[in-house]
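Open the model in a viewer and keep the selection panel at hand.

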Amino acid sequence: MALTIYSYPTCGTCRKAKKWLEDHQKDFQELHIVENPPSRDEIEALYRSSGLELKKMFNTSGKKYRELGLKDKVRDASEDELLDILSTDGMLMKRPIVTDGNKTTVGFKDSDFEQVWGSPQ
């Protein structure tokens, strides 16, 4: 099954992830996370299939995150509130997000990609 990667063109981490996928001959469809952000329901599905805490889905080093003062909000918000916040702007999400519909990785670490995406398709 082809992978979907939500990325941002100028993001260095996204470029590393795409190179890894290409080097490992993985078929993928790239979606611009700002122009084609996942819907709230898609974000929830990505989060659940990632196995991460929802707070880990936020791009905490991003300008938008800091501008909106989300550090304190994220700490105390409910799951529904966090999903609502994430769905307002693709720049709030940690990237890249790679999924096959069943498994999802958020961010890029060579070892994580090897573990999750390293097996033949």
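Start by selecting V98 and T105: V98 stands opposite T105, which belongs to β4. This is a predicted model, in which local features need pLDDT of at least 70 and side-chain atom pairs count only at pLDDT 80 or more, while totals for chains, interfaces and linings use all residues. Residues are numbered from 1 along each chain as its sequence is written, and side-chain values use heavy atoms, with hydrogens and water left out.

Next, select residues 97-99, strand β3, together with β4; the two pair in the antiparallel sense over three bridges. Strands here are DSSP runs (E, at least two residues), as are helices (H or I, at least four), numbered from the N terminus. Pairing requires at least two DSSP bridges between two strands.

Now widen the selection to the whole sheet. Its four strands are ordered β2-β1-β3-β4, with mixed pairing, and the sheet is open. β2 (28-32) and β4 are at the edges with a single partner strand each, so one side of each has no neighbour in the sheet. On average, neighbouring strands are turned by 15 degrees against each other, direction ignored.

Angles run from 0 to 180 degrees between N-to-C directions, with axes fitted to C-alpha atoms, for helices over the stretch in contact.

Move to F108, in the loop between β4 and α6. Residues up to four places away in sequence aside, F108 touches T13, K16, A17, W20, P96 and F113; contact means heavy atoms within 4.5 Å.

Which residues lie nearest the centre of the largest pocket? They are L52, K94, V106, G107 and F108, out of 22 lining residues. β4 (104-106) and α6 (110-117) are the elements that give two or more residues to this lining, and α6 gives the most, with four. A pocket is an open set of points on a 1 Å grid over the protein atoms alone, where a 1.4 Å probe fits, with protein on both sides within 12 Å along at least five of seven lines; lining residues have an atom within 4 Å of a point.

Finish at G118, in the segment after α6. Beyond four places in sequence, G118 contacts W20, K26 and F113.
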